[in-house]
Amino acid sequence: MGLKIEQQQHQQPCVELSKIAISNTHGEDSPYFAGWKVYDENPYDEFTNPSGVIQMGLAENQVSFDLLEKYIEEHKETKGALETNFKENALFQDYHGLKSFRSAMASFMGEIRGNRAKFDPDRIVLTAGATAANELLTFILANPGDALLVPTPYYPGFDRDLRWRTGVNIVPIHCDSSNNFQITEQALESAYKDAESMSYRVRGILITNPSNPLGITIQRSVLELLLNFVTKKNIHLVSDEIYSGSAFSSSEFVSVAEVLESRNYKNSAERVHIVYSLSKDLGLPGFRVGTIYSYNDRVVTTARRMSSFTLISSQTQNLLASMLSNKSFTKSYIKINRERLNKRYEMIIEGLKSAGIECLKGNAGLFCWMNLSPLLKDKTSRESELVLWNAILHEVKLNISPGSSCHCLEPGWFRVCFANMSENTLKIALERICKFMERIKSQQ
Amino acid sequence: MTRTREPESKSKTSSPSSSSTGMKLIVPLQGVVQGRGGILLGSLIPCALFYFFQLYLKKRRRSNDKHPSSNPPSPSSSFPELPRTPSRSNLSSRGSLTGVRLSRLATTISDDDSAYYVGLNRASRDPYHKLTNPDGIIQLGLSDNTLSLDLIGDWMRKWGSGGDDGLSINGIATYQAFDGVDELKLALSDFMHQVMGGSVHFDTSNMVLTAGATPAIEILSFCLADHGNAFLVPTPYYPGFDRDVKWRPGVDLIPVHCRSADNFNLSMTALEQAYSQARKRGVKVRGILVSNPSNPVGNMLTQDMLYNLIDFAEDKNIHLIVDEVFAGSTYGSEKFVSVAEILESDSEYIDNRRIHIIYGLSKDLALAGFRVGVIYSFNKNVLATARKLCRFSSISAPTQRLVTSMLSDKKFIQDYFETNRNRMRQVHHEFVDALSKIGIKCAKSSGGMFCWADMSGLIKPYSEKGELELWEKFMSIAKINITPGSACHCIEPGWFRICFTTMSLDEIPLVIERIRRVVEVCKFSS
């Protein structure tokens, strides 16, 4: 389905657009986005629209917003941040970014990892969001027609971010519930062979850690496995760690940076790149703050130049620099945020359990990975999953994300977000699910 | 006189011209080898010669200035080279020998050594400061406007932190529409209406906002052309277009040369010629890209010229992109005419779906750091695609709020424009006058932030080589960074872009004195 060219009144043929403009690689025709449209047309509101669709398909973190507001209220110097050095701020469009802000990001990223890894501000490249960071890295690491291996299930946006303008292909590394969707060596080898059989040159592996949509951290042993594999094949490893601050317990999250550090950066760290952003952990997606952290000098230099297309406003950099360098604030924020997310997670798991629904045991992220396969008429059919999804969207009025849009091979899994709403709204959503499950049971 | 130029990039587009060079050698050589070995030698010898020619060119390219290029940095920016962290000294030899590969695009980017970027880089490493570094390099290669920043600074002090309510992140923390919030679009539509002469209405539903005009141009390129297609662009042109249009979209820029005899105004004959030559080479031309007011010359397109361009685009069924970022930075007597004005007055006769405007606040409001750009198009399909693509380049929400507030302060905007225009007029007049007193004439200009200066009398030889040697003299003797015409693809050697909006009136004598030093050196050595 491409974009229809309008019928025009003139005799002249209509001026053409590019292939990219008329392709559907933007992926916005998938149920992932379709559900959002249904929500947009009938959004739930506690008072004005209590029977509307509750948005559980958007991984946004609103549980710790008050902490940010409190900080800004208490720290008037944020107010003054704009006024000092205004001349440099307004004009400052240097793609290196403000040194103070890069240092702040490096410090914050280290704090999230319990200071088990140190980040060098000069290796930080700033981008307007992680979306741009992932796309930019793909442009740098792979040629059009090459491939990146990505473990399934994965964030639906990757289909667009990694493929659309870059012309690079995604070859899935299939993971399944038999081992809690962890990546195995066989799965890696198999994916690599798949790519070769399609004549794609594999340029790297892209993982999300903690995983979206699974909501679990990747085990250290798997990170070691991945590092060995990419070294053996002489390819890159991109670790998208945007949910690193949303792991419920700091000790359970292991960053690839820590593994590299423990290996003394042997076996070329030059193939490893980390993506981070403030959109999830800090709940500031509107600010458009993303970073690429690379251990490869050429990647850093090239990414910097390319970041001209996606710079972060100097005002925003200034605004956040002092907040993120304030160690007592960041330490406290990270701790409280983790606790609140954990609490939310337990609330939703309990609620789903009492409705008779099992989830993957998660320990991170803004969502849980729910198993509704027992409800499917045909457990092997994707269509069955979509029928169920449609019922939940239109009858139960919950927008959740079907596993098929995340390229999950096993039908029946759904991603359910829990951090983008108040506790009350979550309770209501759980009540609706309960009622739905009771209806199904009584029908059987 | 045409210049001798080296092939600029190692991209695939350089190969067509190389193979035609090869052909030119084969024909005469066939006569030589018609005796023994005939066809074999007749093809081997030119191939060998061709091979050695390529090798020679490669060596010449490599021996050029190897400084890493850099985009316009501010004076306070840090040096781009990276210190290696101690922990990396343990890298195994395996990594350094076989080295993990990057893409072809990455290689092209890292090899980009245009004098435009090299100059900006060098100037940023040794920036002039009246008190702390009076012998530093004066930056005249960056079209920023500091003449009226004091006014913006005053406004920021009063209102920049949200006034009495203080700074609030309420309502701006969450995901916003990627193509810009409605309030900002409305404010920009009003602002553009004012800037473009008060006669055009800009519809917010035709707007897509981006993090600066740079991604706006790139996104449009992605929408309007495929990899390997081309846009026609009058020369000299803004060096950044090479990056914005060629790097990732892979769209080529075919120069349409303008000459000093025409004050570098575009000739439709030249445009027609460039178009048909491209067609003959099998290149698909998808559009024309112009800047108005023009960067680097500073002249403006007349209404007639705009009509000609629109007709041309209609006739060939291609797009017309007009970059109007300097629309509000005019100081001459000519009135600026936006292409939008023509479309509004002649909407029945023109298919506006092929016309797209680029705008932004980096020049007219000196807010380059805030990253505010606009794609304005009447083509619903282009808008739909651009809306999806701008998720990679969205404007930060707090900045959208701040800028909305500033643009809505109509009195402030009016004051700013009047004051800024007067200051620009003054500095421009003084500077051009002072230049002519030391024998340097400038092209006639009425907009933009720069003079297009003719230094062809000072270069020897009259070629790109001579021009770059003069540029080096300016850098090392005069310690000023100005942009050589070759970086802007100007076909006549010896022209330089000098930005005047980062100079105060009392700094003009200092700059002139430094330029005069170089003029003397050149006269002495000739």
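**Stop 1: a sheet in chain A**

Select strands S2, S8, S7, S6, S5, S3 and S4 of chain A: in that order they make an open sheet of 7 strands with mixed pairing. Two strands count as paired if DSSP finds at least two bridges between them, while helices (H or I, at least four residues) and strands (E, at least two) are DSSP runs numbered from the N terminus. Strand S2 (124–127) and strand S4 (169–173) of chain A are the edges, each pairing on one side only. From one strand to the next, the twist averages 25°; angles here run from 0 to 180 degrees between N-to-C directions, and axes are lines fitted to C-alpha atoms, for helices over the stretch in contact.

A word on what you are looking at: this is a predicted model, in which local features need pLDDT of at least 70 and side-chain atom pairs count only at pLDDT 80 or more, while totals for chains, interfaces and linings use all residues. Residues are numbered from 1 along each chain as its sequence is written, chains are lettered from A and ligands numbered from 1 in the order in which they are written, and side-chain values use heavy atoms, with hydrogens and water left out.

Now zoom in on S2(A) and strand S8 (residues 290–294) of chain A, which pair in the antiparallel sense over 4 bridges. Click A:Thr127, and you will find A:Gly290 as its bridge partner in S8(A). Contact means heavy atoms within 4.5 Å.

**Stop 2: a loop residue**

Move to the loop between helix H11 (256–262) and S7 of chain A, the place of A:Asn264. A:Asn264 has a positive phi of about 60°, although it is not a glycine.

**Stop 3: two crossing helices**

Select helix H6 (residues 99–112) and helix H14 (residues 327–354), both of chain A: their axes come within 10 Å and cross at roughly 45°. H6(A) and H14(A) are therefore oblique to each other; angles under 35 degrees count as roughly parallel, over 145 as roughly antiparallel, 65 to 115 as roughly perpendicular and the rest as oblique. Show the side chains of A:Phe108 and A:Ile112 in H6(A), which are among the residues that meet H14(A).

**Stop 4: a pair of helices in chain B**

Helix H14 (residues 397–408) and helix H15 (residues 410–437) of chain B pack at an angle of about 75°, with their axes 5 Å apart. H14(B) and H15(B) are therefore roughly perpendicular to each other. Select B:Met406, B:Leu407 and B:Ser408 of H14(B), then B:Lys410, B:Phe412 and B:Ile413 of H15(B), to see the contact.

**Stop 5: a sheet in chain B**

Here the order is S9-S10-S13-S12 (chain B), an open sheet of 4 strands with antiparallel pairing. Its edge strands are S9 (441–442) and S12 (483–484) of chain B. Helix H16 (residues 464–478) of chain B packs on this sheet, touching S12 and strand S13 (495–499). S9(B) is joined to strand S10 (residues 450–454) of chain B by 2 bridges, and B:Cys442 stands opposite B:Ala453 in S10(B).

**Last stop: cis bonds**

Find B:Pro461 in the loop between S10 and H16 of chain B. A cis peptide bond joins B:Lys460 to B:Pro461, with omega about -5°. Another cis peptide bond joins B:Thr235 and B:Pro236.
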